[in-house]
Amino acid sequence: MNDTKKAYILNTISVILLFILLHLMLTGGMFTRRWQSVVILLCINVILAVSLNLTTGVLGQIALGHAGFMSIGAYTAALITKKYMADFSATDQVPLGIYVIALIIGGLIAAFVGLIVGLPALRLRGDYLAIVTLGFAEIIRVIIEYLDFTGGAQGLRGINKMTNLYVIVAITLVVIFLMFTLGRSRQGRAIISIREDEIAAESSGINTIYYKTLAFVVSAFFAGIAGGIYAHSMGILTAKTFGFMKSVEILIFVVLGGSGSFTGSIVAAILLTVLPEVLREFADYRMLVYSILLVVMMIFKPSGIFGRYEFSLVNTPKDIKRYFAKRTQKKKGAVQDDNNTES
Amino acid sequence: MEFIQQVINGLQLGSIYALVALGYTMVYGIIKLINFAHGEIIMVGAYIALTSVSFLVQMGLPIWLCVFVAVVFCAILGILTERIAYRPLRNSPRLTSLITAIGISFLLQNAFMLIYSPTPKPFPKMVTAAPITVGSLQISMSALLTIVISIVIMLVLQIFIQKNRLGKAMRAVSEDYGAAQLMGININHTISLTFAIGSGLAAVAAIFYCMSYPLVEYTMGTMLGLKAFVAAVLGGIGVIPGAMIGGLVLGIVESLTKAYISTQLADAVTFGVLIVVLIFRPAGIMGKNTKEKV
């Protein structure tokens, strides 16, 4: 049996196990209301982190406007379900089909805006791209506050809630799966080559504009989906939530986890969502600690926790084994060296 | 008349932007870093000035002396952030130092939020003189002071950069880092000086800002900083006269938008200007185009 097949089987089994665990925890009453909302927030943050990692980590372009795309997805999805519920439904419950369709349309609109933003913005490099994406996100925020049908500065209220954990966890897993596969596909490798050296990639016949825009648009699409989930879990949206701070928070997930590593983004998003919940007493100091962590990390280990390492059920045990084998070998070698110098 | 009034308002706001933009441009020119923490220095300056006012009143000194306290404190803070956070990263990728700058910005913001509490604090009135009336125009004393002092500061800075030994060293370092070092210029001192001057100017801007919007808040620096950065890019980042022109243009655009289009959309127009400029003339109004080399 080759590794790919093995990987598919292992991953399917672990996903099934995860769902059984989730089901047991839910029916066993281990999740309080608060922890259920933490898990939803966690899923949203994981999707955001993974999607930004595509632009910042894999493509290597700094984008400071991810919250802007998130807000577009959030408002679109919320307006769609609101309209549907007002016109066609008597109950309070959003039907699953409508929810998924609203999320996807929200994602598509976000992706479309991503295309409009990306086409001109991606001609710029590095710092300038960061500033332009930041500028676009601010413009989006101002326009949402200005328009009437989005609720203006008061915010959009009365969005029907949808907090089914199974559905949200499933969507998150699908997004992670798509991202991992995209990262390893032909397109993903083309995107990586742009990160490594744009000029070299271009001269090897890679259509850099196409692939840069592709990464950016896909990234915006998933940010929109995360926004849709967020809208339906909160029930209320205000444009202020999606400011510069939110974009930076997402960037922190990616950078701390190790930009370029989806594993890193996921782990960092989980850690930085769950830790503040556990350490509630220190809520005031949360952002202070984040910022110190960020600066210290950048000075001492700029590649993040995972660097560019990716976790996989097939390879990681092997990698760990190899790592320890190397270490013991090194130790033995060091001991032998010592003996030599002594004699 | 209404139009001229708006232009004067714009010039006042623009002078503040220009002072802050100078800090961005000087730092970018010398170490190629967008110093995101620069906006936060404005906030720090405002808080320090506010705190020093109460001490000055106790000692029976005039309150405008708070400017000097704020400038000195911010200059030292600027040097310290460079020393602690940016110097170890001088040769690392741009992304790393950009993220460090964002980290420092958050750090300052949250530290000051915890020290001074999140509620906004009123800033005492510094200028009590009556406004000057010319025909139907009314120019407030604070607007006049802001514009005149800013212009004087910019002229002094320009002369310093062009004529003084230290100013020449700064230009040399921004021109070619390695060659400047070989010519015996102390790079570290020059960079520290750049941060000190930039942060000092931000403190002056903070006080001018508080003269017209007398409310000190821990988030006040973010938007002001971003707009000043837009001004720096508009004028051509790294070019000192560019920052001044960019600041004034942006201030006038913003005040005209507020007067004739919509107050709410003013920020969108500001960033719209930035995007249009970056797409059509990435080097800015006064910047030079640089060709990419392989």
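The secondary structure of chain B in this predicted model consists of 11 helices and 4 strands. The C-alpha trace of chain B extends over about 60 × 45 × 35 Å along its principal axes. Confidence in chain B averages a pLDDT of 87, and 98% of the residues score at least 70. For the complex, the predictor gives a pTM of 0.86 and an ipTM of 0.83.

Two packed helices are described by the angle between their axes and the distance between the axes. Within chain B, helix H1 (residues 2-31) and helix H8 (residues 187-212) were examined in these terms. Their axes cross at roughly 165° and come within 9 Å. Because angles over 145 degrees count as roughly antiparallel, H1(B) is roughly antiparallel to H8(B). The crossing of H1(B) past H8(B) is left-handed. By class, 17 nonpolar and 7 polar residues make up the contact of H1(B) with H8(B), with no charged residues.

In chain A, helix H2 (residues 33-58) packs with helix H6 (residues 165-184) at an angle of about 15°, and the axes are 10 Å apart. Since the cut-off for roughly parallel is an angle under 35 degrees, H2(A) is roughly parallel to H6(A). H2(A) also passes H6(A) in a left-handed crossing. On the H2(A) side, the contact is formed by A:Gln36, A:Val39, A:Ile40, A:Cys43, A:Val46, A:Ile47, A:Val50, A:Leu54 and A:Val58. These residues meet A:Leu165, A:Ile168, A:Val169, A:Thr172, A:Val175, A:Ile176, A:Met179 and A:Gly183 in H6(A). The contact of H2(A) with H6(A) divides by class into 14 nonpolar and 3 polar residues, and no charged residues are present.

Between the chains, the contact takes 32 residues from chain A and 34 residues from chain B. On the side of chain B that touches chain A, the elements giving two or more residues are helix H4 (94-116), helix H9 (220-235) and helix H11 (266-280) of chain B. Of these, H4(B) gives the most, with 14 residues. The side of chain B that touches chain A comprises 24 nonpolar, 8 polar and 2 charged residues.

Technical notes
Residues are numbered from 1 along each chain as its sequence is written. Chains are lettered from A and ligands numbered from 1 in the order in which they are written. This is a predicted model: local features need pLDDT of at least 70, side-chain atom pairs count only at pLDDT 80 or more; totals for chains, interfaces and linings use all residues. Axes are lines fitted to C-alpha atoms, for helices over the stretch in contact, and angles run from 0 to 180 degrees between N-to-C directions. Angles under 35 degrees count as roughly parallel, over 145 as roughly antiparallel, 65 to 115 as roughly perpendicular and the rest as oblique. A crossing is left-handed if the near helix is turned anticlockwise from the far one by less than a right angle, and right-handed if clockwise. Two residues are in contact if their C-beta atoms, placed from the backbone, lie within 7 Å. Ala, Val, Leu, Ile, Met, Phe, Trp, Tyr, Cys and Pro count as nonpolar, Asp, Glu, Lys and Arg as charged, and the others, Gly among them, as polar. pLDDT is the predictor's confidence in each residue, from 0 to 100.
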